[in-house]
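This report concerns the salt bridges of one protein structure. Please consult the sequence and the model as you read.

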Amino acid sequence: MKCTFCNEKAVYNVKYNGTALCREHFINFFEKRVKREIRNQTDLKRDKITISVAISGGKDSLVTLYVLNKILSDRRNLKIKAFTVDEGISGYRPSGIEKAARLCKSLGIDHEIISFKREFGYTLDEIMSIDNTRISCSHCGPMRRSLMNKISMYNKADYLALGINLDDYAQSILMNVVRGDISRYIRLAPHTGIERDGLIPRIIPLRKIPEKEVVIYAILNNIDYDNSWCPYYRDAYRNEARMIINMLEEKTPGTRQAIVKFFDGTRDILKNSYESKDMKRCMICGSPSQNDVCEVCSDLKEINERVLKKSI
Ligand code: SF4
């Protein structure tokens, strides 16, 4: 099949807009949407800008880093830094860290590693062996978010970039709708216009790019990513949202884009009419929190109590 725009061989068929694209036109199509998102989600006119990029070593985060660097690296006022959160999941995270470090080295980007063990005293594997009454993601998610914010604050970042593709983003929106969680719905990234004290605004440059296109972009640009899955992933409630959206997308191509369009249209209306709780500071660690003690500190308190009980 030929590219819709030139005589080259097509590498990808875009079902939702009916075009076939060669390597060059696919990369242009991909980067055009990322550039638009960067423009919409950030203000890069300031004197000095630092973007902190969270990279796990998977395709989405490594492509985010690569494409941000490609689009923004010639700006003198802008610095990109990368970091990886090591949750301490044996047999999984080490390979991601290796790939993340290799890409950073090849692009000349600073890369730091921040670990659960050093910051909280436990790896995620240890936490799961102490408390298996809850699913792993309910421990891991808040802890990761807390460390991502902490390292970005430490690096005086203006934005924290996350590698989230269209599929993941549409799932997050649907999950909040199904839970009826308006407060979380409003707080979903990108955080344009809802910056809060102590929280670095999160940006998600790939939120309009389907997962499949992220994979193709990575392959076409020789980005070596870790494609293993977290061994705890089977616990994730997200699996159900993924199945439903894939089924709808199969029947009606463009469903994922429509979900995001609906989100963009409704969030601003909800933001103006919904009174969210003011952010406080956690009494223990000082992190921004909706309650007197943040989710991470109350989780750690419970884990420490369980350890104490076991040792008596
Ligand atoms: Fe953590 Fe769950 Fe993601 Fe695994 S799937 S890294 S446990 S949030």
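The sections below describe the model and then selected salt bridges.

## Basis of the report

The structure is a predicted model, in which local features need pLDDT of at least 70 and side-chain atom pairs count only at pLDDT 80 or more, while totals for chains, interfaces and linings use all residues. Residues are numbered from 1 along each chain as its sequence is written, and side-chain values use heavy atoms, with hydrogens and water left out.

The whole structure contains 28 salt bridges (a side-chain nitrogen of Lys or Arg within 4 Å of a carboxyl oxygen of Asp or Glu). One of them joins R46 and D158, with the closest N and O atoms 3.2 Å apart. R46 lies in the loop between α1 (23-41) and β3 (49-54), and D158 in the loop between α6 (136-154) and β6 (159-161), so the pair ties together parts 112 residues apart in sequence. Helices (H or I, at least four residues) and strands (E, at least two) are DSSP runs, numbered from the N terminus.

R207 and D264 form another salt bridge, at 2.9 Å between the closest N and O atoms. This pair links R207, in the loop between β7 (202-203) and α9 (211-220), with D264 in helix α11 (residues 255-273), 57 residues away. R207 is buried at 6% relative accessible area, whereas D264 is partly exposed at 29%. Buried means under 20% relative accessible area, exposed over 50%, and partly exposed in between (1.4 Å probe, protein chains only).

E98 and R102 meet in a salt bridge of 2.7 Å, N to O. Both residues belong to helix α3 (residues 93-107), four residues apart, or about one turn of the helix.
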